[in-house]
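Student: I have just opened this structure and would like to talk it through. Could we begin with the salt bridges?

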Amino acid sequence: MLTSVDRLLFVRQVPIFKELRDDFIVRLASVMNELSYPSNYTIFQQGQEGRSLYILVSGRVKVHIGDTKLAEVDRGKYFGEMAVFDTQPRSASITTLESCECLELTQEQLYDAIEETPEIAVNIIRELSRLIRKLNENISH
């Protein structure tokens, strides 16, 4: 079980929340669910409906499509954000590489947060733009 300070520290590491006030992040972090998964567990599969993003508190997961590994995500990073923003089916699967602890933020919680603090929307746009730029660079090299 994470303390409220631990939750604040983990949520603060997520780029879309970085520039927000601590009092807001404390409220946001307090509504997030804490989840535990064993090693080699599929948290979600490509094609499933997704309505949550996850912050990895401990452990590592792989992002994959079938047997093709696209990336690894480790402690302090997040995954699952695309489906929260565009409500499309999951674009890849996530499977734990070791036992993991996560904080889950649902789409509803995120939308409530955006309504209360619109700066989150600007942070989200900025972060997704960075991701697209990075992918474009990878393709062009």
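Student: Is Arg 7 buried or exposed?

Tutor: Arg 7 is buried, at a relative accessible area of 11%. Buried means under 20% relative accessible area, exposed over 50%, and partly exposed in between (1.4 Å probe, protein chains only). This is a predicted model: local features need pLDDT of at least 70 and side-chain atom pairs count only at pLDDT 80 or more, while totals for chains, interfaces and linings use all residues. Residues are numbered from 1 along each chain as its sequence is written, and side-chain values use heavy atoms, leaving out hydrogens and water.

Student: Which residue forms a salt bridge with Arg 7?

Tutor: The partner is Glu 34, with the closest N and O atoms 3.1 Å apart. A salt bridge is a side-chain nitrogen of Lys or Arg within 4 Å of a carboxyl oxygen of Asp or Glu.

Student: What does the pair tie together?

Tutor: Arg 7 lies in helix H1 and Glu 34 in strand S1, so the pair ties together parts that are 27 residues apart in sequence. Helices (H or I, at least four residues) and strands (E, at least two) are DSSP runs, numbered from the N terminus. Glu 34 is partly exposed, at 25%.

Student: How many salt bridges does the structure hold?

Tutor: There are eight. One of them joins Arg 60 and Glu 72 at 2.5 Å, N to O. Arg 60 is in strand S4 and Glu 72 in strand S5, 12 residues apart. Shared partners join Arg 60, Lys 69, Glu 72 and Glu 98 into one network.
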